[in-house]
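Trainee: Can we go through this one together? Keep it quick, please.
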Amino acid sequence: MLIVAGLSLKNLNPRVWDPASPYFVASLRAVMVSYGDFHQMPSQRKKAQEVGLHRYLGVPRRVKVYLDNGAFYFLRSGLSGVRKDYQEFVEMAKPDWYPIAFDVIPTPQMSDLTQADCYGQTMQANRAFGHDGYVPVIHVSRMLEKYVSAVQRNPKLSGKNRIALGAIVPNLLRAPKAMSYESVLSNLLSVRKTFPEKDIHVFGIGGTATVHLAGLLGIDSIDSSGWRNRAARGIVQLPGSGDRMVANLGKWRGRSPNTDEWRKLRNCPCPACGAHGVRGLKASGVKGFCNRATHNLWVLLEEARWLEKHISNDRYARTYRRRLDNSTYAPLITKLLEMTARKEIKSA
Ligand SMILES: [Zn+2]
């Protein structure tokens, strides 16, 4: 499973993709930038269109550049993007992966009627971008079954070898009227089974434990900005564990690491801890942020590697309990392993 590191144009540090950076993470294979950011920064947009996203970001060819269409930004800001502008951006900036414009994200609180309206607008956009490499987007929502059959019925959309799933985040964050974790899982599982040949991307998940769920579901790629958001709040991720607060930045509270976890952090071989140790993780300001973000991303990539290895040699079911101490997700993984015979899940 490919882990796509979400970036922010407002602050491109730490430059984890750049071999010349002290924060270079060699195992990183893909990054994601949002069209929402370019929409807000016309001069950056112009530059990216002139030289292409790879050169603009200084991302080497072996690292893929994914583009997010900014649907979440447009949802939150109440603004709307212009399809023609988006298409021009895609054609000139040449991302390696890019979704249709623009899906309209439903939230769990919406009435059935409003969700149906989001569905209608999103399917219209999917059909309008039936050509070329635009990846169709469908939403984890009460409309998911409708989406799936609409894609199946449309020869252009069903012929595409990729599909992306959005709107999962409000459900995982337990927004009011959020779907139960179980329905989210069975939704994802049914999409995987319906489209066994398609490359499935899921937007916006990337906690240590959700990586396990996505891997077990046979999802091909996920993106997350969680490594940066957590770092900004003083939080680090640990292999197989939930979040731990290591830097007291005043505004946020959280669980501190225990003795064993501090030991793990002292021995962490990631590029940031290797150079600056625990002191670097605890630091304030940009330096602390860069150290924690680099560490978090490295942990996520290592988790995906561990997962892939253990799923492929069929040791996962015997080892995951020892690996995961996260009380929310461990029972879900047990459930998921029960819900489906292992052979039905495409290898991660
Ligand atoms: Zn580290």
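Mentor: Start with residue classes: Ala, Val, Leu, Ile, Met, Phe, Trp, Tyr, Cys and Pro count as nonpolar, Asp, Glu, Lys and Arg as charged, and the others, Gly among them, as polar. The model is predicted: local features need pLDDT of at least 70, side-chain atom pairs 80 or more, and totals for linings use all residues. Numbering runs from 1 along each chain, and side-chain values use heavy atoms, without hydrogens and water.

Trainee: How do the residues lining the second largest cavity divide?
Mentor: Five are nonpolar, four polar and two charged. Arg142 and Lys177 are among the lining residues. A cavity is where a 1.4 Å probe fits on a 1 Å grid but cannot get out, and lining residues have an atom within 4 Å of a point. This one holds about 50 Å³, the space filled by probe spheres set on the points.

Trainee: And the largest cavity, what classes line that?
Mentor: Its lining has 11 nonpolar residues, one polar and no charged. Its volume is about 80 Å³. Helix 10 (181-194) gives the largest share, four residues. Helices are DSSP runs (H or I) of at least four residues.

Trainee: New topic. What holds the zinc ion?
Mentor: Cys268, Cys270, Cys273 and His295 are its protein donors, 2.1 to 2.3 Å away. Donors are N, O and S atoms within 2.8 Å of the metal (3.2 Å for Na, K and Ca).

Trainee: What's the geometry of the zinc site?
Mentor: Tetrahedral, with angles of 103 to 120°; the four-donor cut-off is all angles between 85 and 135 degrees.

Trainee: Where do Cys273 and His295 sit?
Mentor: Cys273 is in helix 14, His295 in helix 15, 22 residues apart. Both are buried (under 20% relative accessible area, 1.4 Å probe).

Terms used. Four donors count as tetrahedral if all angles lie between 85 and 135 degrees; four count as square planar and six as octahedral if opposite donors are over 155 degrees apart and all others between 65 and 115; anything else is irregular. Helices (H or I, at least four residues) and strands (E, at least two) are DSSP runs, numbered from the N terminus. Buried means under 20% relative accessible area, exposed over 50%, partly exposed in between (1.4 Å probe, protein chains only). On a 1 Å grid over the protein atoms alone, a cavity is a set of points where a 1.4 Å probe fits but cannot get out, and a pocket is an open set with protein on both sides within 12 Å along at least five of seven lines; lining residues have an atom within 4 Å of a point.
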